[in-house]
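Biologist: I am new to this structure. Please take me through one part of it closely, then show me how the rest compares in kind.

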Amino acid sequence: MATFEETGPRHPVTESTRVDKVHPRARLAKNVRAIVVIIVAIMLLFPVFVMMMTAFKSRSDVVSIPPKLIFEPTLEGFVFLLTERSQLSGAALEEARANADELGIFGQVALRNGQRITGPSDFTIRLRNSVIIAFGATVASVTLGLFAAYAFSRFDVPGKGDLMFFILSGRMLPAVVVTIPIFLMYRQLGLHDTHAGMILIYTVFNLSLTVWLLKGFIDEIPREYEEAALVDGYSRFQAFYKIVVPQAATGIAATTVFSLIFVWNEYAFALMLTSQKARTAPPAIATMLGRGGIEWSAIAAGTLVFLVPVLVIIFALRKHLLRGVTFGAIRQ
Amino acid sequence: MTSTSATDTAVPPPTTGVQKHRALSDRAIINLFIWPTLIILIAFNVFPLFYSLFLSFTDYSAIAGRPPVWVGFDNFNRVLFSEDMWRAFTITGRYVLFSVALELVLGFALALLIREQFRGSGIVTTLILIPMMLSPVVVGLFWKLIYTPTFGYFNYLIGFRNPTVAPDWLASRFAGQPMPGLALWAVIIVDVWMWTPFIALLIYSGLRAIPDYLYEAAVIDRASSWFQFRRITLPQVMPLMLIAVLFRTIEAFTKSFDLVMGMTGGGPGGQTEVVAVKIYQQAFLGQFQTGRASAFAYMVLIIVIAISNLYIRNLNKMRED
Amino acid sequence: MKHTVGKYILGFLVLFLVVTLIACSGGSSQTTSPTATSGAAAPAATTAPETAPQSNVRELTIFWAQWDPADYLQELVKDYEAETGIKVNVIQEPWGSFGDVFFAEMAAQGTSYDMVIGDSQWLGQATTQGHYVNLTDFMNSENLTNSVTEATLTYYGEYPPGSGTYWAFPTEGDANGWAYRKDLFENPEEMAAFEEEYGYPLAPPTTMAQLMDIAKFFTRPEQGLYGSAIYTQADYDGLTMGFQNMLFSFGGDWSDANFNPEGVINSPESVAALEFYKELYECCQPPGMSNAFFAEVNDAFISGQAAMGMNYFAFFPALANPQVNPYAESTGYFVNPAGPSGDHFASLGGQGISIISYISPERQQAAREFIRWFGQNDIQAKWAALGGYSANREVLASDEFLAVAPFNAAFAETMQIVKDFYNIPVYGELLRVSQDEMGRYVVGGEGTAQQVLDAIAAKHAEILKDGGFLDQ
C-alpha cells in the first residue's frame, strides 16, 4: 500500500490540472460558483415568475399598489383565455347559480362574473394551428436543410460559396418589409391563410439557418466512415442515411430547437399572411382585450401555456443543445 | 467565409471505373439534395427581395389598389435627407452598441461561471434560456407592466419604494424630472435580459472546445491567469463571440420592432424609435407607404451587409492566424 | 467572395421570375376589376329587394375588431339567423392589426368578408379606392338615414364631408368622456376644502378651467392619488385622440374648410389647447403613464390612482363592473368639458358598417337585407341592451337606455357634440406627423407648443398638397 501511494498521486484526482481551476480552496470556490449561478438564474427568471403570478391574479390584484407577492389565486385568466362565454342576466343567472354545483371548475369561475361558458375559445384553435405549422415547418426545414447541407459539405458543388451566401441573404431584410411582397404573392397563389402557406414561408426563412448550422455539423463528421461504407457496397444514399444522419444527431437536435423557437414565436408573417383558418397564437396573445383593457392575467396565462411545449422539447434535447450551439464555427 | 469553406471541403475527383459509375449517381444526389432547397428559396426568398427593391423606386402603397409608379431615387432622397431617419439610425446605433456590449461582458462572465459543471447545472443552464424562448411582443408588454413605477415590481426590487421619487423608466423621468435616455436604457436592459443567456451559451460552448493542453502548457510556463485569459481563452472564444455579436446586430436592426412596440411604442417622444419601429410605422399603421418603407429597408440592408462583411472578414482573419 | 457564372444565371432566373410574377399580378387584377365595377354599380340596378327574398346566400361574414362589442353583435345576430336562416359570423381581428389586415385584404380585392365595421377615419381611403358599396339610395329609401343622430351619420357614414353620399350605417357610436370618483367628489371634507381654495363648489367639471383646478386639487403623490389620467400613446392614435378633446373645445381645429392647416392648427386657440394638455400631463398624470391609452387609463382608475380618467365610452363598462373596478359603485361619468369661449366638443371614436364592393351582387343584396334588419328601432334597442352603443335617435333618447348603465346619459349627450380627425385617404400620414410631433412635446418635453404646432402645420400642409387636397 505505502509504496503504491508513493508512486501514484497523493490525492485522488477530482479536478483537472488546468491552472485556472486549481487553487487552494477549489471545492469551496466551486460551491460559491454554484451559488452565484443559482442567484443569477433566479434574477433572470424573476420576470418569468412575475408572469406566472400574474396568470393567477385577478384584474384588480394585477394593478394593486404596491405590487402583491401574496394574493388569492384565481383561474380567471385561464377561463378568459381558453373559453368562449356569454353574459347571463335575470332568471337565467339565478338558475345557473342554483345549479352551480354541477359546473366544472372553469364554469364556476365564469359564473362568478355572471357568465356561462359556451365553448372553447379561438385560442385553442390557434394553439392547434401553431402546433401544426411549427411541426410542419421545423420538420421540412430541417429535412431539406440536412440534404442540402450534406451535398454542400461532401461534394464540389459549382459556385458553392455564392450559393451559401445566397441562402443566408434572405434573413437580412427587415421582416416587416418582406411581408408585403409575400402577401401579394400569396394572394395570387391562393396560399393566403392556409397551413401549407405558413409552413412554406417558415420553411423558407429557416432554411438559411438550418443549412448553415447543419453544414457545420456535417463538416465535423470524418468522411472516412462513409468512404468505408461505400467500399462495403453501400450506395451514397444509404451511406448518408445510415452513417451520416446518426452521426449528426446532435446537430440535428440543436438545429431543430432553434428552428422551432423561431417558428413558434414568429409574429409579423403570422399577422399579415393569416386571418382566420391558419392564424397562429402569438398575434393573439399580445392583444387580448377584455372588458375595458388589457387582460393581463389572460396574456400571462397564454404565454405560459404557449411556453410549455417548447420547454418540454428543450428539456428533452438539452444535452444536444448545449453542445450544439457551436454553430459549427469551431472545428478542432 | 463562404469561399473558404467552399474550397477546403471539396471531394477529390474520382478516378477508378467503379467510382465513375458512382460519380454519376453523385451528381444525381447533388441535384436531388440541393435543388429542392434552391427552388423554394428562389421562389419565396428571392422574389420578395427583388420585388421590394423594385418597390423602393416606386410610390407604391400596398393598400392603394393601383400599380406602382416609378419615382426614381425619390424615396432614397427622402430617407437620406430626413432628420427623423438619422435620428432613428443614431438611436439604433446606441441601442445596438450598449446592448451588445453588455450582453458580451455579462455573457462572458456567465459562461465562465457555468463552465464548471455542478450538480443540476444542466437544468439551471436550460432554465436561464427561458427568456429567449418567449415571444418578443409579449416580453415587451410584460416589461411595461414590470417597469410601471406604481404597480410594477422593478422599482421595488431595486429599492425604490416611493413611486414619486423613483425612476419612471419608460417615461424617461426621475422623480418627476425629465431624464432623457432612460427609456432607451430600459429597452436595453430588457434586451440584455433576453439575450445574455444566449450569448453565454455560445461562449460556453466555445470555452468547452478549448483543448486542455493549452492551459497545461501555460502552467508549465508559469503564466499568470490574466495572461492565460488574454492569450488562450479570449482568442479561442473570439470567433464564436463574433458570430454571436453578428447575430445580435442583425436582429437589432431588423427585428427589434416587436419588443419596442410592446414596451414603449417608440416613445417617449420618439426616444426609443429604432429603425425597425420606424419602418413598421411607414409600412403599416394606416400609412402603408410600401415604396418608402422598402427604400428605408434597403438602406438598413446595406448597413447590415457592411457590418456582416466586417465581422466575417475579421472572423476569417482570426481563423488564418 | 468569388464571382461565378452561376451567380449571373441565378440573377437572370430571378429577374425572369420577378417579371413573370408582376405580369401575372397585373393581368389578374385587370380580369377582376370588371366584376368590381359591376358590383359597385349594382345598388342602382337592384332596388326591388322584396321581390327576391329567396337568395342562395346562407351565411354572411362581418369583419370587426376584437373586443366586447363584437361579442355582443355575435349574440345579437342569432336572432337574424332564427328569423331568416342566414347565419352571420362576426370575424374579430385584434385592434393593433385590424386596419392593416383589412386594407391588405381590400388591396387584393378579397371576398373573405361581406361587410366590415370600419373605423370612421377609414372612410376616405376605403371609398376613394372603391372598397365600399355606395349605400346612399338604400339608406335614404329605407329611412335609415333619419333613424340615427346627425353627428354619427356624418362621421361614420358620409364621404366626402357634406356631400350627402353615404357608405356606412352607424353601428357602434363612440366618443371620449370622463370617469370620476364620486367618493372623492362627494366627500364633505373635500368639498369644503375645494370651495375654500377655488371659490366655487366641487362638482364634475363643465369647463376646462374647472377640470384643471380639480385635477390639481386631487393630485397628492404622497397618497398615491393623481388628478387625471389622459392618453399619451404615441404608436397609433392615442395621443392625438386625447388632445382633440382640448383642441376642439378650445376653438382650435386641424384645418379650415379648404384643408388649409396654416393658421388653424397653429392658431393661438390650438396652442392654448396643447399647452393645457401638456400642463395636465405634467401636473396630474399618474406615474408610468407615458405610453397610455384606454387600457392604461382604466388600469390607473382601477388601481385608485386617478380621480378622473379620460376614456372612450366603449371602455367604461369595465369601470362599472364591481368584479373589475373596486370603486365601481362610486364611479360617475361626465361629458368632456367646454372650452374657455364656450366651444364644446368631444373626440370621436366608433364605427359604421359597410358592404364590401368585391362580393357578388347577390351577396351585396343579402348584406343590404341584413343592414336593413339591423337598423330597425327594436333591433337597435336590443343592440343597446346587449351593450352595443346604438346611434339610433329613439334608443338614445329612451329612458330604458339612459337607465341601463351609469354612463349612458353622458354618452347620449356626448354623441351630440362629437368631432373627428381627418378621414381623407392620407389620414395615416397626417396622424403619424401629429403623433410624432406632439409626443416629443407632451411626453418627451422638447420644444414649445407653438413650435410643435407650427411644425405640424407645415408638414400637414405638405401632405395635403401631395394628396391633392390643398393647392400647391
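What follows is a close look at one helix of chain C and its surroundings, and then a tour of other parts.

Biologist: Take helix α13 of chain C. How many of the nine residues of α13(C) are buried? And which residues does C:F293 touch?

Modeller: A word first: this is a predicted model.

Start with the helix itself. Helix α13 of chain C covers residues 294-302. Nine of its nine residues are buried, so α13(C) is largely enclosed by the rest of the structure. Just after α13(C) comes C:G304, with a positive phi of about 75°.

Now step back to C:F293. This residue sits in the loop between α12 and α13 of chain C. The relative accessible area of C:F293 is 10%. The cut-off for buried is under 20%, so C:F293 counts as buried. Leave aside residues up to four places away in sequence. C:F293 then touches C:Y231, C:Q233, C:D237, C:G238 and C:Y312. C:F293 and C:I230 are 63 residues apart along the chain, yet their C-alpha atoms are separated by 7.6 Å.

One of those contacts, C:G238, leads on to helix α11 of chain C, residues 238-249. Here an aromatic pair is worth a look. A pair of aromatic rings is described by the distance of the centres and the angle of the planes. The structure holds 87 such pairs over all chains. One of them is tilted: A:F56 with A:F78, at 5.2 Å centre to centre and 40° between the planes. That pair links distant parts of chain A, 22 residues apart. A:F56 lies in the loop between α2 (26-55) and α3 (59-62). A:F78 lies in helix α4, residues 76-82. A:F56 is partly exposed, with a relative accessible area of 31%. A:F78 counts as buried, at 13% relative accessibility.

Back in chain C, the rings of C:F243 and C:W254 have their centres 6.3 Å apart. Their planes stand at 80°, so this pair is edge-to-face. C:F243 belongs to helix α11, and C:W254 to the loop between α11 and α12 (268-284), so the pair ties together parts that are eleven residues apart in sequence. Both C:F243 and C:W254 are buried.

Helix α2 (residues 68-84) and helix α16 (residues 377-386) have axes that come within 9 Å. They cross at roughly 140°. The two helices are therefore oblique to each other. The crossing of α2(C) and α16(C) is right-handed. From α2(C), the residues that meet the other helix are C:P69, C:Y72, C:L73, C:E75, C:L76 and C:D79. From α16(C) come C:I379, C:K382, C:W383 and C:L386. By type, the residues of this contact are seven nonpolar, no polar and three charged.

Chain A has a crossing to set beside that one. Helix α7 (residues 122-154) and helix α10 (residues 195-220) have axes that come within 6 Å and cross at roughly 40°. The crossing of α7(A) and α10(A) is right-handed. The residues of this contact divide into 18 nonpolar, nine polar and three charged.

Now for chain A as a whole. Chain A has 17 helices and four strands. Of the 332 residues in chain A, 56% are buried. Take contacts in chain A between residues at least 6 apart in sequence: 76% join residues at least 24 apart.

Chain B has 14 helices and three strands. Of the 321 residues of chain B, 61% count as buried. Take contacts in chain B between residues at least 6 apart in sequence: 64% join residues at least 24 apart.

End with one residue of chain B. B:V190 is found in helix α9, residues 182-208. B:V190 has 0% relative accessibility and counts as buried. Residues up to four places away in sequence are again left out. B:V190 touches B:V139, B:W143, B:Y147, B:L259 and B:M263. B:V190 and B:S99 are 91 residues apart in sequence, and 9.1 Å apart in space, C-alpha to C-alpha.

Terms used. Residues numbered from 1 in each chain as written. Chains lettered and ligands numbered in written order. Predicted model: local features only at pLDDT ≥ 70, side-chain atom pairs only at ≥ 80, totals over all residues. Heavy atoms only, no water. Axes fitted to C-alpha atoms, helices over the stretch in contact; angles between N-to-C directions. Parallel < 35°, antiparallel > 145°, perpendicular 65-115°, else oblique. Left-handed = near helix turned anticlockwise from the far one by under 90°. Contact = heavy atoms within 4.5 Å. Nonpolar A, V, L, I, M, F, W, Y, C, P; charged D, E, K, R; others polar. Phe/Tyr/Trp six-rings, centres within 6.5 Å; stacked < 30°, edge-to-face > 60°. Buried < 20%, exposed > 50% of the residue type's maximum accessible area, 1.4 Å probe, protein only.
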